[in-house]
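I opened my notebook to look up the ligand and its surroundings. Here is the structure I worked from.

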Amino acid sequence: MADAAVVGAGMTEFGVHDTTLQELFGEAAFTALNDAGVETGALDALYFGNAMGGQTENETHLGPRVASHIGAAGLPVQRFEDACATSANAFKNAVQAVEAGVHDIALVGGVERCTPVTGKETPEMTRIFASASHRQYEQPTGLTFPGVFALLTKRHMHEHGTTEEQLAEVAVKNHAHGTHNPRAHFGKETTVEEVLEGPVVADPFRLMDCCPFSDGASAVVVISGDLADSFDAPVDVGGVGHATDVVPLGDKADLTATQAARDAASAAYEEAGITADDADFAEVHDCFTGAEVLASEAIGFAPDGEGGTYAAEGRTSLSGDRPINPSGGLKAKGHPIGATGTAQIVELTEQIRGTVGERQVADADVGVAHNLGGDAATTVVSVLEAHS
Ligand code: COA
């Protein structure tokens, strides 16, 4: 018996939402609660993620605000901020709390508005996102996140011969997967030619190599494992690993290793008692196509140096032997920062339940979520498994 399980999952469509942060979160939260068959009054705690609200919404004390919006005023609420790994960290803490017997039932989720509904266009949002990089060594140089991941990817190309065509294949795959996801920001296919002809954002990335700015929310209900059999469709939490790395790119021991991801993955696999080969699919943090290549190697879905080859050969597509990002990933599904981590848990839960329709991975019993924050400086890796 697992010590914790996910029994409810919900998310909004990712895209542009001209609505408030609380309303967005409420939609995801009530979808998850209804899915679990749990009343708000039965919750013991709320673990809540929002990364940039202080800068985008001019609002920082969001925990009690969203709790009271869903009728849960009075509950203990913890708010998490870990750049793009925000709600995966909330998930880890909720899992550990139910495993420790602190709570029986917790709601975990995240929300972010990143599109111009906040009044901030691409240059301002790019500046705000860059506040997750190193204040002294990186921000003064003008480095922003497309540049951070472009540098990591350029190094991978230099060391391993990864090509722009292989990167484009990642975008083609994730857009194709996204066409089967009604909650994806982009529901249209693309081609290698279209990706390679797009405007350069940060060499080697062109427009279609990048995830978009998105609004959205996601939530899951986490319960103590001994209660799982009283719910309709529990999915077991096998393990959660969380690791960090130095922030400045110039201080990293190996630019392409994304060491925090490797450490988080081995901790999650060890807790779950599995190896990467036992996993049937993964949702990884493909904020840029090159980030998916690095992630696929760090979690053991492709040998080092071969992440690009695996994508180009179709091995990471839905019909491949190592499916990655069946949801469409951040590239096509979208990336409302604080909502991304628990949205990956939503996808894992629904894939393992076998309820996602055309984007269903065959025999999806074990799924891995890889959620990365900042200059690959925080990573949370979670393993979910079919209930036993
Ligand atoms: N992928 C595919 N299409 C995209 C896109 C993306 N990432 N971003 C925008 N588009 C489309 C828009 O839908 C729009 O299409 P339309 O003309 O048919 O309506 C068109 O491209 C222009 O959109 P716009 O919003 O004006 O683009 P932009 O130039 O302001 O921003 C990027 C494009 C790629 C620079 C921006 O999305 C970006 O910076 N993304 C990365 C975000 C990021 O760094 N996240 C953190 C990761 S760690």
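This is a predicted model: local features need pLDDT of at least 70, side-chain atom pairs count only at pLDDT 80 or more; totals for chains, interfaces and linings use all residues.

Residues are numbered from 1 along each chain as its sequence is written, and side-chain values use heavy atoms, with hydrogens and water left out.

**Neighbours.** I looked up what surrounds the ligand and found 15 residues, each with a heavy atom within 4 Å of it. The closest are Thr122, Met208, Cys210, Cys211 and Lys331. By class, I list 13 nonpolar, one polar and one charged in this shell. Here Ala, Val, Leu, Ile, Met, Phe, Trp, Tyr, Cys and Pro count as nonpolar, Asp, Glu, Lys and Arg as charged, and the others, Gly among them, as polar.

**Atom pairs.** I checked N and O pairs within 3.5 Å. A ligand oxygen is 2.6 Å from an N or O atom in the Thr122 side chain. A ligand nitrogen is 3.1 Å from an N or O atom in the side chain of Lys331. For Pro212, I found a polar backbone atom 3.3 Å from a ligand nitrogen.

**Cover.** On its own the ligand has 920 Å² of accessible area, and the protein covers 61% of this (Shrake-Rupley method, 1.4 Å probe).

**Helices.** I then asked which elements give two or more residues to the shell around the ligand. They are helix 5 (122–129) and helix 6 (145–160), helices being DSSP runs (H or I) of at least four residues.

Methods: A polar contact is a pair of N or O atoms within 3.5 Å; within protein, one must be able to donate a hydrogen and the other to accept it, and residues adjacent in sequence count only if both atoms are side-chain atoms.
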